[in-house]
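Visitor: I am new to this structure. Please take one part of it and walk me through it closely, along with what surrounds it.

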Amino acid sequence: MAPRGIRAARILKETRKVNKWADKGWKKSKKGNFMNPFAGASHAKGIVLEKLGIESKQPNSAVRKCVRVQLIKNGKRISAFVPRDGCLNFIEENDEVLVAGFGRKGHAVGDLPGIRFKVVKVAGVGLYALWREKKDKPRT
C-alpha cells in the first residue's frame, strides 16, 4: 500500500523516480545511445584497418568477408560485413568507407557472429554500383 498523508510526498516522489526505469519506452527515451558506435546516427564513415574472413555459425559452413573499420567521428573500431560476391576486391586498406546498420537495430544478423554493420560505399562510390560495373572507383 502506498504511503498516504500530509508528509508522504518525498516517499512517493522517490518511489516514482525509481519505478519509471521499469517503463521500457520511458527508459529508451532517457538513456541515450551510449552503446551505439554511431552515437545515434544511421550511417558513419570510417577507415579500413584490415580485411577479415569470419566463419559462419553452425549449421552453415562458409567464410564471410568482413572488414575492420575505425570510425572517424569517435575512433571506435567495428567489424562490418561486405555484401555480395567479389565486393571485397573493391576495398583496400586505408580506404574510406561508409558503414550502415545491418537491419536488426544493433543485433547480429543471420549466421554472422557479432557483425552488426555492413559496408555501403567505398571512396564515395556505392558498393552496388561498383559490383554492377556502373561506376569505377576513383584513383587517389
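Guide: Start where Gln70 stands opposite Arg77 in strand E3. This is a predicted model. Strands E2 and E3 pair here in the antiparallel sense, over five bridges. Together E2 and E3 form a hairpin, with five residues between them. Gly75 sits in the turn and has a positive phi of about 80°.

Now look at E3 itself. Four of its five residues are buried, so E3 is largely enclosed by the rest of the structure. E3 also pairs with E5, in the parallel sense, over two bridges. There, Phe81 has Lys118 in E5 as its bridge partner.

Next, take Val69. Set aside its neighbours within four places in sequence. Val69 is then in contact with Lys76, Arg77, Ile78 and Ala80, among others. Its contacts also include Gly46, Ile47 and Leu49, as well as Val97 and Val99.

Val69 belongs to the largest nonpolar core, which has 20 residues. Val67, Val69, Val82, Val99 and Val119 touch the most other members of that core. Several elements give two or more residues to it: strand E1 (43–55), strand E2 (63–71), strand E3 (77–81), strand E4 (96–101), strand E5 (117–122) and helix H3 (127–131).

Cys66 deserves a stop of its own. Cys66 is buried, with a relative accessible area of 0%. Which cysteine sulfur is closest to the sulfur of Cys66? That of Cys87, but the two are 13 Å apart, too far for a bond. A disulfide would need the sulfur atoms within 2.5 Å. Cys87 is thus in no disulfide. Cys87 is buried as well, with a relative accessible area of 0%. The count of disulfides comes to zero.

Finally, step back to the loop between E1 and E2. Ser56 has its place there. Is Ser56 buried or exposed? Ser56 is buried, because its relative accessible area is 12% and the cut-off for buried is under 20%. Ser56 is in contact with Ser61, Ala62, Arg64 and Asp111.

How values were computed: Residues are numbered from 1 along each chain as its sequence is written. This is a predicted model: local features need pLDDT of at least 70, side-chain atom pairs count only at pLDDT 80 or more; totals for chains, interfaces and linings use all residues. Side-chain values use heavy atoms; hydrogens and water are left out. A nonpolar core is a set of buried Ala, Val, Leu, Ile, Met, Phe, Trp, Tyr and Cys residues joined through side-chain atoms within 4.5 Å. Buried means under 20% relative accessible area, exposed over 50%, partly exposed in between (1.4 Å probe, protein chains only). Contact means heavy atoms within 4.5 Å. Two strands pair if DSSP finds at least two bridges between them.
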